[in-house]
Amino acid sequence: MSLNTADVKALIEREFPEEYACGWDNSGFNIDLHNPVENILVCVDVTPDVIKEAAEKKCGLIVSHHPLLFHAIKTIDAQGHIGNCIRLLMEAGISLYCAHTSVDNAPGGINTCLANMLGLTDIEFLEVQQKQRFYKVVVTVPPEDSESVKDALAAGGAGELGNYTRCSFSAVGEGTFLPNDVATPHIGSAGRQEIVKEARIEVLVEESKLQNTLRLVRGAHPYEEPAIDVYVLEEPSEARAGSGVCGRLESRRSVRNILDGLKKQLCVEYVKFRGDLDAEVETVALCGGAGADLIPQAQAMGAQLFITGEVKHNEFVETGINLSEFGHYDTEKCFVGAMVGSLQNVLGDVQCNVAVFAARNDKRPYEFY
């Protein structure tokens with residue numbers, strides 16, 4: 001099976017849909033040449049060295065974390081970084097897809113990777129970006145057909161609540177209807193008022209599964225015109241995507257122990273810190289990249305330690321929480337492994353022989369001296 005850029009976009013968005021991205025972001029295609037894609041290169045930052053590596057590996061697509069085109073540009077200057085990269089990509093026939101906050105905010109994205117490194121549990125988003133809405137679907141059906149309709153509801157994904165499936169409520173009541181002269185009713189006959197016993201079935205369904213559920217129910221229902229009601233619910237709702245996370249450690253640990261462990265996992269020699277290294281903490285919040293603006297949310301959720309990639313001077317001065325800066329690149333470099341793994345999984349699902357490479361020339365854009 002051959003792929004083009006549109007195919008790869010669809011595969012990426014199975015786990016990291018663009019709708020998860022923040023409104024100010026530029027996740028998605030920065031350059032789409034609508035070309036065939038035989039190989040894919042994944043990186044954090046787009047640089048001439050990365051583009052050269054992609055060309056050498058015959059990659060028709062680069063998937064980067066940081067967008068090359070982040071702010072609006074009025075001039076493409078081939079002697080500047082952005083203009084030069086655009087020129088090199090166009091000359092090599094390589095498209096560029098940027099999965100930025102769409103991955104930051106996704107379950108299973110960068111912040112989840114960092115949380116897993118620390119062994120956090122009971123993880124919640126610091127700032128919810130998108131909620132999963134639920135609907136209540138109510139359908140009435142002859143009691144003898146209720147199980148087949150419940151089967152259809154379950155097949156559509158309705159009635160799934162946490163660790164439970166096929167959740168529903170039923171009550172038996174009386175239904176009335178008057179078929180017109182051209183109707184072909186399942187019960188009764190045209191032109192005669194009917195009063196029948198019916199079962200009222202109520203289930204919850206996620207917004208993303210609603211239309212498929214309704215289609216399956218209509219197909220399974222014995223009536224020519226089934227009565228189906230759909231109600232929008234304020235509660236329950238689930239956070240589908242969000243910025244930063246907060247979670248609990250299995251047992252209290254010193255801040256020093258937590259930071260030393262994460263430094264080792266991220267291969268970071270030095271970090272910035274303000275607070276009490278010997279403090280014993282249980283609740284930790286974090287956000288890869290520049291996430292210090294989420295400090296108030298972390299404090300409101302009871303976090304005793306906040307870890308991020310960038311912290312401004314005044315944020316160090318003003319904050320009252322144990323606070324550590326690990327570097328923007330180093331808190332987001334796990335993007336490469338997450339994206340490579342996701343793409344390899346979905347490419348395997350569709351049985352497509354496309355190689356996915358982690359860029360070797362992708363590196364921290366600065367050094368410690």
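1. A definition comes before the rest: a residue is called buried when its relative accessible area is under 20%, exposed when that value is over 50%, and partly exposed in between. On that scale R364, at 23% relative accessibility, is partly exposed. Please keep in mind that the model is predicted.

2. Overall form. The chain contains twelve helices and 15 strands. Its radius of gyration is 26 Å, whereas a compact globule of 369 residues would have a value near 21 Å. The C-alpha trace spans about 90 × 55 × 35 Å along its principal axes.

3. Packing and surface. Of the 369 residues, 46% are buried. Among contacts with a sequence separation of 6 or more, 73% are between residues 24 or more positions apart.

4. Charge. There are 53 negative side chains and 32 positive ones in the chain. The centres of the two sets lie 4 Å apart. Side chains of opposite charge can pair when their charged atoms come close. Over the whole structure, 15 salt bridges are found. The next points take up some of the charged residues.

5. D330. This residue is worth checking for its two partners. Is D330 buried or exposed? The residue counts as buried because its relative accessibility is 0%. D330 pairs with K333 in a salt bridge whose closest N and O atoms are 2.8 Å apart. K333 has a relative accessible area of 23% and is therefore partly exposed. D330 also forms a salt bridge with R364, at 2.9 Å from N to O. D330 belongs to helix α11 (residues 328-332) and R364 to the segment after β15 (355-358), so this pair ties together parts that are 34 residues apart in sequence.

6. E147 and K150. These two side chains form a salt bridge, with 3.7 Å between the closest N and O atoms. Both residues sit in helix α6 (residues 146-155), where they are three residues apart, about one turn of the helix. E147 is partly exposed, since its relative accessibility is 46%.

7. A network. Salt bridges link K9, E13 and E18 in a network.

8. E206. E206 lies in strand β9 (residues 194-206). With neighbours within four places in sequence left aside, E206 is in contact with Q132, R133 and F134.

9. Backbone angles. Most residues other than glycine have a negative phi. H34, which is not a glycine, has a positive phi near 55°. H34 is placed in the loop between β2 (28-31) and β3 (36-37). With a relative accessible area of 63%, H34 is exposed. R166 is also not a glycine, and its phi is positive at about 55°. R166 lies in the loop between α6 and β8 (169-177). At 46% relative accessible area, R166 is partly exposed.

10. L89. This residue is in helix α3 (residues 81-92). L89 is buried because its relative accessible area is 0%. What does L89 touch, when residues up to four places away in sequence are not counted? The contacts are I31, L33, I51, I62, L68, I94 and L96. L33, one of these, is 56 residues from L89 in sequence, and the two C-alpha atoms are 9.7 Å apart.

11. E367. This residue lies in the segment after β15. E367 is exposed, with a relative accessible area of 73%. The C-alpha atom of E367 is 19 Å from that of P48, and the two residues are 319 residues apart along the chain.

Definitions and conventions
Residues are numbered from 1 along each chain as its sequence is written. This is a predicted model: local features need pLDDT of at least 70, side-chain atom pairs count only at pLDDT 80 or more; totals for chains, interfaces and linings use all residues. Side-chain values use heavy atoms; hydrogens and water are left out. Helices (H or I, at least four residues) and strands (E, at least two) are DSSP runs, numbered from the N terminus. The radius of gyration is taken over C-alpha atoms; the globule rule is 2.2 Å times the number of residues to the power 0.38. Buried means under 20% relative accessible area, exposed over 50%, partly exposed in between (1.4 Å probe, protein chains only). Contact means heavy atoms within 4.5 Å. Lys and Arg count as positive and Asp and Glu as negative; His and the chain ends are not counted. The place of a charge is taken as NZ of Lys, CZ of Arg, CG of Asp or CD of Glu. A salt bridge is a side-chain nitrogen of Lys or Arg within 4 Å of a carboxyl oxygen of Asp or Glu.
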